[in-house]
Amino acid sequence: MRILVINGPNLNSLGTREPHIYGATTLADIEQALITRAAAHSIAIDFVQSNHEGVIIDTIQQMHPVIHGIIINPGAFTHYSYAIRDALSAVSVPVIEVHISNVYKREPFRHHSVIAGIATGQIAGLGWHGYLYALDWFIDAAASA
Ligand code: DQA
């Protein structure tokens, strides 16, 4: 099994970006934790972080033939990128949407996700561990397949 983990704009600044909201854990720390968990289950894992909508779309289009699932935190693109939604909708693999913060307790513009309607599921508000829980879903799904 091979999983693609996508992080959108400003998530490269985790650790220093509004730590009262997003915590002190860096994206490198999160990726290392995912690598460790994936390796224990013989899962290959790929990462992309981009502040650019087109790079995220290009990556989805290029990678989807060789992956079995996508974990994505689209950052602010969550709330308005129909283009990323369309790219994800066009692929046949399960998509888990992750948000570090509980977007539903924050500003009203964060309450709506244009991604959620095409995602298999969404995890929000459980901190960076949400990425691990998303990976666990793929591990459990593979075990029961
Ligand atoms: C976020 C929530 C978004 O509203 C915000 O724009 C982000 C991060 C989260 O992980 O909580 O960049 O996706």
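This is a predicted model: local features need pLDDT of at least 70, side-chain atom pairs count only at pLDDT 80 or more; totals for chains, interfaces and linings use all residues.
Visitor: Why are helix 3 and helix 4 called roughly parallel?
Guide: Their axes cross at roughly 5° and come within 9 Å. Angles under 35 degrees count as roughly parallel, so helix 3 and helix 4 get that label.

Visitor: What makes Ile56 part of the meeting between helix 3 and helix 4?
Guide: Contact means heavy atoms within 4.5 Å. On the helix 3 side, Glu53, Ile56, Ile57 and Ile60 meet Ala83, Ile84, Ala87 and Leu88 of helix 4. That contact has seven nonpolar residues, no polar ones and one charged.

Visitor: What makes the pairing of aspartate 46 and arginine 2 a polar contact?
Guide: A polar contact is a pair of N or O atoms within 3.5 Å; within protein, one must be able to donate a hydrogen and the other to accept it, and residues adjacent in sequence count only if both atoms are side-chain atoms. The side chains of aspartate 46 and arginine 2 are joined at 2.7 Å, and aspartate 46 itself is in strand 2.

Visitor: How do you know which side chains reach the ligand's oxygen atoms?
Guide: Look at the distances: 3.0 Å for arginine 17, 2.8 Å for asparagine 73 and 2.7 Å for histidine 79.

Technical notes:
Residues are numbered from 1 along each chain as its sequence is written. Side-chain values use heavy atoms; hydrogens and water are left out. Axes are lines fitted to C-alpha atoms, for helices over the stretch in contact, and angles run from 0 to 180 degrees between N-to-C directions. Helices (H or I, at least four residues) and strands (E, at least two) are DSSP runs, numbered from the N terminus. Angles under 35 degrees count as roughly parallel, over 145 as roughly antiparallel, 65 to 115 as roughly perpendicular and the rest as oblique. Ala, Val, Leu, Ile, Met, Phe, Trp, Tyr, Cys and Pro count as nonpolar, Asp, Glu, Lys and Arg as charged, and the others, Gly among them, as polar.
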